[in-house]
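The following paragraphs lead the reader through one structure, part by part. Please keep the sequence and the three-dimensional view at hand while reading.

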Amino acid sequence: RPEAPLTQRMAPKGSEIKHIIAVASGKGGVGKSTVAANLACAFHKIGFHVGLCDCDIYGPSISMMFGTVESPQISVDEQLIPIERYGLKLMSMGFLLESDQPAVLRGPLVTRYTQEFLKNVDWGNLDFLVLDLPPGTGDIQLTIVQTVRLSGAVIVTTPQEVALVDARKAVSMFKKVNVPILGILENMSYFLCPSDNKKYDLFGSGGGKREAEKLKVPFLGEIPIEAELRISSDHGMPIVLSDPDRQTSKVFLEAAKKI
Ligand code: ADP
């Protein structure tokens with residue numbers, strides 16, 4: 001693409017949040033939230049002021065990945081105040097629900113609720129706000145991408161064809177609403193077996209990269225499938241913060257720089 005990465009670009013004048021980035025996937029379970037959390041941490045490590053917002057009302061997971069059960073405070077002008085954790089600002093629809101309470105809102109209500117939620121968070125000044133979108137390309141995703149001023153979107157996929165088909169749908173959704181695709185990041189690209197040090201392509205190989213080339217969007221990297229990544233998330237600290245020297249963390253850092 002002709003423009004420089006966002007990390008090197010000037011923000012529009014007068015905006016409190018310089019860049020809002022959506023992390024999206026066509027399909028659930030590909031690791032979108034894991035990627036959103038680690039990319040946000042990578043921006044923070046590079047030295048930016050970062051916010052991370054979990055927009056998935058049906059399966060919010062950011063609070064768990066950051067090990068917090070705090071509820072956000074409400075400011076005097078009735079804005080939600082993000083939770084601060086590890087130097088990042090966090091907001092999640094999950095903060096507003098009881099932990100074992102399912103979200104039983106109907107479509108139109110979810111849309112309204114999400115819009116209200118997005119407009120009423122007091123982020124203050126940020127370099128990057130990362131939005132963890134709900135999986136898929138339906139009404140709710142469209143509402144979100146039309147409610148906020150996005151600098152672009154990162155698409156998460158696995159190398160598997162079923163995930164790629166849905167990733168393509170996500171790319172065309174963003175194109176339709178003129179949101180630039182900042183790149184495709186492939187997750188669960190391979191498994192590096194600790195006992196024989198061999199790479200195993202559990203979900204096929206090279207799919208994300210080929211797709212990126214076909215769609216003429218940047219390819220941001222390959223994240224292996226590994227227990228440590230899952231464990232660090234489950235223990236409440238994304239791997240980019242808990243083990244920054246690890247190869248996987250470096251891939252996230254490189255991806256953030258390419259964005
Ligand atoms: P999504 O947001 O796409 O539904 P999540 O980020 O919630 O996906 O990931 C689903 C599950 O897979 C989580 O338990 C997460 O910890 C795990 N996971 C995601 N990526 C990896 C990976 N590269 N290696 C191991 N586990 C992963």
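Predicted model: local features only at pLDDT ≥ 70, side-chain atom pairs only at ≥ 80, totals over all residues.

Asn197 lies in the loop between strand 10 and strand 11 (199-200). Because it has 7 C-beta neighbours inside 10 Å, Asn197 counts as exposed. Its backbone has a positive phi of about 60 degrees, although Asn197 is not a glycine. Met188 likewise has a positive phi of about 60 degrees without being a glycine. This residue belongs to the loop between strand 9 (181-187) and strand 10 (191-192). Is Met188 buried or exposed? Met188 has 24 C-beta neighbours inside 10 Å and therefore counts as buried.

Attention may now turn to helix 1. Of its 15 residues, 13 are buried, so helix 1 is largely enclosed by the rest of the structure. Just after this helix comes Gly47, which takes a positive phi of about 120 degrees.

Which residues come nearest to the ligand? Of the 18 residues around the ligand, these are Gly31, Lys32, Ser33, Thr34 and Arg230. Helix 1 and helix 7 (227-234) are the elements that give two or more residues to this shell.

The next step concerns helix 3 and helix 4. Helix 3 (residues 107-119) packs with helix 4 (residues 139-147) at an angle of about 25 degrees, and their axes are 10 Å apart. Angles under 35 degrees count as roughly parallel, and helix 3 is therefore roughly parallel to helix 4. The crossing in which helix 3 passes helix 4 is right-handed. Gly107 is part of helix 3. With 10 C-beta neighbours inside 10 Å, Gly107 counts as exposed. Gly107 and Ile140 are 33 residues apart in sequence, while their C-alpha atoms are 7.9 Å apart in space.

A further pair is formed by helix 5 (residues 161-176) and helix 6 (residues 207-215). The axes of helix 5 and helix 6 come within 11 Å and cross at roughly 30 degrees. This angle makes helix 5 roughly parallel to helix 6. Helix 5, too, passes its partner, helix 6, in a right-handed crossing. Within helix 5 lies Leu164. Because Leu164 has 22 C-beta neighbours inside 10 Å, it counts as buried. How many residues separate Leu164 and Gly207 in sequence? They are 43 residues apart in sequence, and the distance between them in space is 7.3 Å, C-alpha to C-alpha.

Technical notes:
Residues numbered from 1 in each chain as written. Buried ≥ 20, exposed ≤ 12 C-beta atoms within 10 Å, placed from the backbone. Helix = DSSP H or I, 4+ residues; strand = E, 2+ residues; numbered from the N terminus. Near = placed C-beta within 6 Å. Axes fitted to C-alpha atoms, helices over the stretch in contact; angles between N-to-C directions. Parallel < 35°, antiparallel > 145°, perpendicular 65-115°, else oblique. Left-handed = near helix turned anticlockwise from the far one by under 90°.
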